[in-house]
Amino acid sequence: TDFCDQETACGKSCGNCDWWYSTSAMRWACGTKLQCCSARNTSNCATMEVVDSGPACYVENDADMNIIDATPLACKQFFKQSSCGWSDKLPIHCQVVKDDTPLGPGPRLFEIKETHPALND
């Protein structure tokens, strides 16, 4: 999701969108660090900071699963695409990680147990 130069629900601007952020403040508190990994290659992971609420409930209802709106950098990292949407059904696994975890790509820090991944938007 592209929030470039906009203030988010958490009060933080996404600036030029050249950093690692995601939504889901409704599930996790603003500022929470999430590490997400591609479900297709679980060693391909990146840590993002929750800076906005969303997605809208109707989006998750239409998808019939959890959705993570994330920086365009995540789409490039996980799927080598410049744009991803929930209807593309591109699966990722996400887990809360320690607050001092650096943002951006890095080694997987959690065991993947979930069999129903979220979708990146």
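**View 1. Disulfide count in the predicted model.** The model shown is predicted. With a pair counted when its cysteine sulfur atoms are within 2.5 Å, the total is four disulfides. Three of these links are described in the views below, including that of C10 and C30.

**View 2. The disulfide between C10 and C30.** The sulfur atoms of C10 and C30 are joined at an S to S distance of 2.0 Å. The angle about the S-S bond is -80°, and the link is left-handed.

**View 3. The disulfide between C36 and C94.** C36 is joined to C94 with an S to S distance of 2.1 Å. A value of 110° about the S-S bond makes the link right-handed. Because C36 lies in strand β2 and C94 in strand β5 (residues 91-97), the pair ties together parts that are 58 residues apart in sequence. Both cysteines, C36 and C94, are buried.

**View 4. The disulfide between C37 and C45.** An S to S distance of 2.1 Å is found where a disulfide joins C37 to C45. This link is right-handed, with 105° about the S-S bond. C37 and C45 are each buried.

View 5. C57 is exposed, and its relative accessible area is 55%.

Methods:
Residues are numbered from 1 along each chain as its sequence is written. This is a predicted model: local features need pLDDT of at least 70, side-chain atom pairs count only at pLDDT 80 or more; totals for chains, interfaces and linings use all residues. Side-chain values use heavy atoms; hydrogens and water are left out. Helices (H or I, at least four residues) and strands (E, at least two) are DSSP runs, numbered from the N terminus. Buried means under 20% relative accessible area, exposed over 50%, partly exposed in between (1.4 Å probe, protein chains only).
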